Amino acid sequence: MININENFLDLQDSYLFSTIAKKVKAFQEANPDKKVIKLGIGDVTLPLAKACVNAMKKAADEMLDSNTFKGYGPEQGYDFLKDKIIEFDYKKRGIDVEPDEIFVSDGAKCDTGNIGDIFSKDNKVAITDPVYPVYIDTNTMAGRAGKYNESTGMYDNIIYMPCNAENNFEPELPSEVPDIIYLCFPNNPTGTVLNKTQLKKLVDYAKENKAIILYDSAYEAFITEEDVPHSIYEIEGAKEVAIEFKSFSKTAGFTGVRCGYVVIPKALKGYSKDGQEVSINKLWNRRTCTKFNGVSYITQKGAEAVYSEEGQAQIKQNIDYYKENAKIIKENLEEAGYKVFGGVNAPYIWLKLPDGVKSWNFFDRLLNEIQVVGTPGVGFGPSGEGYFRLTAFGNRENTIEAVNRIKNWK
Ligand code: PLP
């Protein structure tokens, strides 16, 4: 008889995006003449940079020639890409990272989901709330989350660090000490960031408690403000406590191409039950070599082109386009009297709803009355109740029309 991993039975069905899709479909069927504008999407919409596409075409041609054909590559990624990552993403910011501290991957979702393989099931996990759901679900699968409590909307073995307008979206240091702390900045869904002083507090806390920080920096390319760190390793001591996850998805439109990377400093140590220090880098390398055969050569060539002069200019153009959308949404909603967070260093705008208004009620009214679709904040966790997420990934014309509809909404 096949016994299943019972932890999967503790997963909550993700109703959020399927419920949104169902509601939009039902509305559209009942009102075929109405134009619905979607500001709920978390995917990029602009096409890839030409430099990346050309590099991938050239790499595909190399596969035709026995002299340049590539079979299995290094599981951890090719040096040509790692060298560019080191030079542009780290050295330029005064951070030393060595090639064997970088693991090129097929994206941050897989990496943040898979990293739990190398940690004990008994570790206590802390997440910020609201949160990117992958962190919770993958810990549920591993048996770290415990049981889901319907009335609180929380798992009983996870430490929730609320992030809301009251605490200025800065996670408070939990009273119960966690072993693993997930952080995501710039944040999905709130679009908020931590400055260096705020992040330093969390790094120091992790160090004091021999905890590890899993730092998801998938939206780093959207940072505009000076004091916001682009890498957690800008913070002194972070190499001893943090793993950093980066992605080409939102930076360069690679959501469909698939490429990202993880940085695991060699200074980062975990502990065996008998208290021996163990290199986390070594464990992840072992796991990678066993379960992964590397990102395709063609994709890595496309990612390398992100760092070319042409590639940098082209991806900047796309990011600027989304940032301008974010600015338009933020400024217009503020003019309309809403309290708005995020949208400056991130493609997400986090709208505080008037007191007492629930996220799903707002969603229904917005759809039915002015045909604008966003994402109810409570779908990202209990602290998201009373908030609403809009994204800057739509096209300009629709973004402007949507905010005008909200502004003129009675
Ligand atoms: N991390 C966060 C916080 C995200 O919001 C997303 C995608 O929406 C990802 C990771 C996924 O990144 P990737 O496309 O590299 O898997």
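**From a proline-bearing loop to the ligand site**

Analyst: Pro189 is found in the loop that runs between S7 and H6, where helices (H or I, at least four residues) and strands (E, at least two) are DSSP runs numbered from the N terminus. This is a predicted model, in which local features need pLDDT of at least 70 and side-chain atom pairs count only at pLDDT 80 or more, whereas totals for chains, interfaces and linings use all residues. Residues are numbered from 1 along each chain as its sequence is written, and side-chain values rest on heavy atoms, with hydrogens and water left out.

The peptide bond leading from Asn188 into Pro189 is cis, with omega near 15 degrees. Pro186 also belongs to the loop between strand S7 (180-184) and helix H6 (196-208), and a cis peptide bond joins Phe185 to Pro186, with omega about -5 degrees.

Asp216 places a side-chain N or O atom 2.6 Å from a nitrogen atom of the ligand, a polar contact (N or O atoms within 3.5 Å). For Tyr219, a polar side-chain atom lies 2.6 Å from a ligand oxygen atom, while in Lys250 a side-chain N or O atom is 3.0 Å from an oxygen atom of the ligand. Taken alone, the ligand exposes 400 Å², and the protein buries 91% of that (Shrake-Rupley areas, 1.4 Å probe).

The ligand sits in the largest pocket (more than half of its atoms within 2 Å of the grid points). A pocket is an open set of points on a 1 Å grid, where a 1.4 Å probe fits, with protein on both sides within 12 Å along at least five of seven lines, and lining residues have an atom within 4 Å of a point. The lining of the largest pocket comprises 43 residues, with Ser14, Leu16, Phe17, Pro133 and Gly379 nearest its centre. Helix H1 (15-30), H4, helix H5 (134-142) and H7 each give two or more residues to this lining, whose residues divide into 21 nonpolar, 12 polar and 10 charged.

How values were computed
Polar contact = N/O pair within 3.5 Å; in protein donor to acceptor, adjacent residues only side chain to side chain. Nonpolar A, V, L, I, M, F, W, Y, C, P; charged D, E, K, R; others polar.
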